[in-house]
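Thanks, everyone. I have one structure to go through this morning. Please have a look at it on the screen before I start.

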Amino acid sequence: MDPALLSVRGLRKSFGNRPVLNNVGFDVRAGELVAFLGANGSGKSTTLRCVMGIAQPDAGVVAVDGDDLAKLPWRQLQEARRRTAMIFQKIHLVPRRTALDNVCAGALARIPTGRSLSPLFFPRSIQLEALDCLDRVGLADRAFERVGRLSGGQQQRVAVARALCQRADVVLADEPVSALDPHAADQVMALLHHLAHVEKLAVAAVLHQPDLALRHADRCIGLLHGTMAFDLPSSDVGPVHLDALYAPDRVAAA
Ligand SMILES: Nc1ncnc2c1ncn2[C@@H]1O[C@H](COP(=O)(O)OP(=O)(O)OP(=O)(O)O)[C@@H](O)[C@H]1O
């Protein structure tokens, strides 16, 4: 089995005196798509935000490719961060720029300062790489269109291409399909599955659609009030597990 590209242990986080994460731990391996499930407020986004360093955990270890991020010197930490890309529900693209420019922006961390001041100055090598990334998400023919003119599903695929252009090994997606219609949502989930299984990335996605998780993800992690309710192969997740997350009162009354 491939080693874990992302390894999280003993994650704890409180806001004020309210505990939000309690001893959350999991691995995501290269070639694996893991879905996070749980009711509103169960701590899914906070988990991803702690992994990304957007939120500061109170305790716990986040390791990328075996390196504890808290112990890395600054330069190596930047490199570990570059290897981790995030995709959001609200698509963070520049609508007035072309799809190609937006994908090129994924490579910003790799461009020497000064050459990256304007998207017009992306080196040709980066533009070619970005075009290849757009091709890999099936959007090469839309490369020179303004992103604002693309559909929500297409924009999310551009966001995936940007993560590819970042040359990330770990992709974290926070509700990547919540704003999409069922067909587009299915397409984006198939793309995330492709990133894991064909491109051999480690992919974790917060989802509000258990059916999509069970169909596309290799493993599902259930969070209940900030604690791990289960971490199971998707094929082992059944109605009992989902009820424990989304209808705990019904489970307690049974
Ligand atoms: N910056 C913050 N300050 C205070 N409380 C916060 C903050 N961010 C999150 N929380 C609280 O932490 C808890 C977990 O929030 P989180 O967004 O991680 O849950 P979630 O499972 O992603 O929810 P949802 O499905 O609604 O997006 C919630 O009670 C939320 O109100």
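This is a predicted model: local features need pLDDT of at least 70, side-chain atom pairs count only at pLDDT 80 or more; totals for chains, interfaces and linings use all residues.

First, a word on classes: Ala, Val, Leu, Ile, Met, Phe, Trp, Tyr, Cys and Pro count here as nonpolar, Asp, Glu, Lys and Arg as charged, and the others, Gly among them, as polar. The shell around the ligand holds two nonpolar, seven polar and one charged residues. Those residues are Phe15, Val20, Gly38, Asn40, Gly41, Ser42, Gly43, Lys44, Ser45 and Thr46. Which helix gives the most to that shell? It is helix α1, residues 44-52, with three residues.

Now the overall fold. There are nine helices and 10 strands in the protein. The C-alpha trace spans about 60 × 45 × 40 Å along its principal axes. For 254 residues, a compact globule would have a radius of gyration near 18 Å, and the protein has 18 Å, so the two agree. Looking at contacts with a separation of 6 or more, 67% are between residues 24 or more positions apart.

On to the interior. Of the 254 residues, 41% count as buried. In soluble globular proteins, nonpolar side chains tend to be buried together. Here the largest nonpolar core has 76 residues, and those touching the most other members are Val103, Leu134, Ala161, Val170, Val171, Leu192 and Val203.

What does Val103 touch, leaving out residues up to four places away in sequence? The list is Ala130, Cys133, Leu134, Val158, Ala161, Arg162 and Cys165.

Terms used
Residues are numbered from 1 along each chain as its sequence is written. Helices (H or I, at least four residues) and strands (E, at least two) are DSSP runs, numbered from the N terminus. The radius of gyration is taken over C-alpha atoms; the globule rule is 2.2 Å times the number of residues to the power 0.38. A residue is buried if 20 or more other C-beta atoms lie within 10 Å of its own, exposed if 12 or fewer, and partly exposed in between; C-beta atoms are placed from the backbone. Two residues are in contact if their C-beta atoms, placed from the backbone, lie within 7 Å. A nonpolar core is a set of buried Ala, Val, Leu, Ile, Met, Phe, Trp, Tyr and Cys residues joined through C-beta atoms within 7 Å. A residue is near a molecule or strand if its C-beta atom, placed from the backbone, lies within 6 Å of it.
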